[in-house]
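Subject: A structure for you to look at

Hi there,

Here is the structure I promised to pass on. Please open it first, and then read the notes below.

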Amino acid sequence: MLDTTPLTRAVDHFADRLRAAPQSRLQRGAAAEALGLARELARRAQLLEEPSAEPREMPDAGMFAAADQITVAAHDLALVLRDPEELETAVTLVDEALKRAGI
């Protein structure tokens with residue numbers, strides 16, 4: 001079984017930053033960046049689980065749900081990851097999204 005702790009830590013850090021961010025920062029793009037990340041992580045998880053199925057898009061649940069959405073999507077992805085390179089790519093996606101979010 002693959003140790004997905006690096007992904008969990010990266011997402012927890014991002015989620016904590018989102019929860020601590022003021023509403024103005026969320027509105028300036030941090031929440032949108034988080035939603036984009038959540039959608040990408042969810043898409044990757046779905047493709048690993050059901051490669052022949054069309055991935056469903058995670059809905060926009062609002063800026064105050066962004067932290068929960070990345071946490072759920074990352075957890076779902078962590079459950080199906082089997083390849084260390086896929087794990088490394090997921091952690092990189094989280095790190096890059098955090099930088100773009102500016103929080």
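A word on terms before we start: a residue is buried under 20% relative accessible area, exposed over 50%, and partly exposed in between, using a 1.4 Å probe and protein chains only. Helices are DSSP runs of H or I with at least four residues, strands are runs of E with at least two, and both are numbered from the N terminus.

This is a predicted model, where local features need pLDDT of at least 70 and side-chain atom pairs count only at pLDDT 80 or more, while totals for chains, interfaces and linings use all residues. Residues are numbered from 1 along each chain as its sequence is written, and side-chain values use heavy atoms, with hydrogens and water left out.

Let's begin with α1. This helix takes in residues 5-20, 16 residues in total. From first C-alpha to last it reaches 22 Å, close to the 22 Å expected at 1.5 Å a residue (the expected span is 1.5 Å times one less than the number of residues). Its buried residues are Leu7, Ala10, Val11, Phe14, Ala15 and Leu18. They sit on the same side of α1 because they cover an arc of only 130 degrees around the axis, taken from the directions between the helix axis and the C-beta atoms. Turned away from that buried side is a face with the exposed residues Arg9 and Ala20.

What do the buried residues of α1 pack against? Their partners are α2 (23-49), α3 (66-80) and α4 (84-101), with contact meaning heavy atoms within 4.5 Å.

Next, the largest pocket, which holds about 170 Å³ of space. Among its 14 lining residues, Thr4, Thr8, Ala74, His75 and Ala78 are the closest to its centre. Both α1 and α3 give two or more residues to the lining, and α3 has the largest share, five residues. (A pocket is an open set of points on a 1 Å grid over the protein atoms alone, with protein on both sides within 12 Å along at least five of seven lines; lining residues have an atom within 4 Å of a point. The volume is the space filled by probe spheres set on the points.)

Leaving aside residues up to four places away in sequence, Thr4 touches Ala78, Leu81 and Leu87.

Finally, find Ala65 in the loop between α2 and α3. Ala65 counts as buried, at 17% relative accessibility.

Enjoy exploring!

Conventions:
1 Å grid on protein atoms, 1.4 Å probe; cavity = no way out; pocket = protein on both sides within 12 Å on 5 of 7 lines; lining within 4 Å.
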